[in-house]
Structures are given as C-alpha cells and as structure tokens.
Amino acid sequence: MSITTKRLFAKGFFSSSTKTIPDVNQLPNHIAIIMDGNGRWARKRFLPRIAGHKRGVEVVRDVVKKCAQLDIKFLTLFAFSSENWRRPEEEVSFLMGLFMDALKREVVKLHENNIRLILIGDRSRFSTELVQQIEASEALTQDNTGLTLTIAANYGGRWDLLQAMNKMIKANSQSAQAFEEEDLTPFLTMHYAPEPDLFIRTGGEKRISNFLLWQLAYTEFYFTDTLWPDFDESSFDQAVISYQQRERRFGRTSEQVTNT
C-alpha cells in the first residue's frame, strides 16, 4: 500500500465490506438506484418516450427529498450509462438537454437544502457547456454536509475499474509491491462514499447493467416491476422495509450475527 493510500485510510475515508464488517443500521446509509422504465411508462400512455423522461425527473426530485428527510447520507442515481449512447440519436440529444436543464433548475434548491451534488462518469463526450454546468454545480455545493447526491452519467462499472487501475499504476509507478484492494479504492469514482447498503432497480429487469460493479459486492438488492415514473413514496417505503427485513451477514453465520 502506498504512503498516500495509508494516510487516506488512516483518516477513515474508505471502507470495504470484504475487509471489515460495516455497521448495519435500520435505515440504509447509502442507496443506489437504476431508474428504469421511463420509455415504457410513456408508451403505455401513447406518449413519446421523452414524456417518460420528463416525468422521471419529477420522481428524482421526490426521492431526493425523501432521503434528505430520513437523513440518509448518500443517494446514487444511474442517469445515463456508457452503453446508452446506442439509443436513437434524437433521444440521446433530448436526454443531454434535459440533464442540462435539470442542473440549471435544481442546483440552487439542492444548495439551499444543504445537499452536495457530485457527478461520476466519463465527461469527455459531453458538450463544453454541459461540463461547465456540471463543474459549477459541484463547486456550488461542495461544502454542503447533508445528503450527498451522486449522478452517474456516461458511467460504466468496467470503465470505472479501468480508469482506477490506470491511475493507481501511474501513482505507484516506483513501487515493486503487489497491489492490494486498498490501493485501488482511492481511485474509484465513488471513493468518497461508503458502499451502497441498498440497491434498487425499477422497471422489472433483474440485472445491474454495468453499474457500480466493485461497490455492490455486499449490497442488498431490491427489484420492483414498478416503472420509475410511478415510483412514489409508498414504493420507496416498500424498498426500505424489504432492506430492514434482510439479515446482513457479510460472510458470517446467522448465529454469529445474532450474538454480536
């Protein structure tokens, strides 16, 4: 482990569910969500797909508010994957515009509510204007101490691991030691957050779609047929209740968990 990495771990910035047993609380400390089903929601109503995406933004606002009220510290939303560029050009263009508008419209409200905003993902394919808006939004909210809202845009789990490995190798180019898990962790895009306690995917699909491949190692999964635009407060509560009914063993037996 490099000296820099040791210092970061000494400050308690990082934790790993495969190295230590995390604290388990009634409410998840970190929720990660794949917001699936916008297009199908619109199609069911004979509306264009973009109508579903617009409605989806409203649900994001409601979920952020709910997490802040419950004092959940981290919320991570998968907004646009690195594979979503394969969608029709018109839809991709609309999503980029919607992202820009949402940032401009919501960032002041986030700041007023002490919410920190971070974007993870490869920004190289975004327009200069969008990148500038992202940077300005992050700068405005960087010192906020309430909920940390992370938006994953042009993000992929494999990309995350590759960029982290490249940075780790470059930072430790003089080291002859074999690398350990702790050496890689600081270079992952979500190094600032604990691993998710609860992963939610709406829309009926049961896969993680290249999302947070490293971080979801011991996360509790919750899949629902509810389409994202219909994911209301009751739907959110059901996901949290499901989490509360899980026994989080982290490799231990039930008897060990009971006796701790």
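Glu 195 is buried (under 20% relative accessible area, with exposed meaning over 50% and partly exposed in between; 1.4 Å probe, protein chains only), yet it has no salt bridge, and Arg 248, the nearest side chain of opposite charge, sits 6.9 Å away. A salt bridge here is a side-chain nitrogen of Lys or Arg within 4 Å of a carboxyl oxygen of Asp or Glu; for charge, Lys and Arg count as positive and Asp and Glu as negative, with His and the chain ends not counted. This is a predicted model, with pLDDT of at least 70 needed for local features and 80 or more for side-chain atom pairs, while totals for chains, interfaces and linings use all residues. Numbering runs from 1 along each chain as its sequence is written, and side-chain values use heavy atoms, leaving out hydrogens and water.

What Glu 195 does have is a polar contact between its side chain and that of Ser 17, at 2.6 Å. Such a contact is a pair of N or O atoms within 3.5 Å; within protein, one must be able to donate a hydrogen and the other to accept it, and residues adjacent in sequence count only if both atoms are side-chain atoms. Leaving aside residues up to four places away in sequence, Glu 195 touches (heavy atoms within 4.5 Å) Ser 15, Ser 16, Ser 17, His 30 and Gln 215. Glu 195 belongs to the loop between H7 and strand S5 (198-201); helices (H or I, at least four residues) and strands (E, at least two) are DSSP runs, numbered from the N terminus.

Thr 189 is found in the loop between H7 and S5 and is buried, at 15% relative accessible area. Its side chain makes a polar contact with the side chain of Asp 160 (2.9 Å), and among the other residues that Thr 189 touches are Ile 120, Tyr 155 and Gln 163.

Asp 160 leads on to helix H6, whose buried residues are Gly 157, Asp 160, Gln 163, Ala 164 and Met 168. They all lie on the same side of H6, because they cover an arc of only 135 degrees around the axis, taken from the directions from the helix axis to the C-beta atoms. These buried residues pack against strand S4 (148-155) and helix H7 (181-184). Turned away from that side are the exposed Arg 158, Leu 162, Asn 166 and Lys 170.

Over in S4 comes Asn 154, buried with a relative accessible area of 4%. A polar atom of the Asn 154 side chain lies 2.7 Å from the backbone oxygen of Asp 122. Other residues touched by Asn 154 include Phe 80, Trp 85 and Arg 125.
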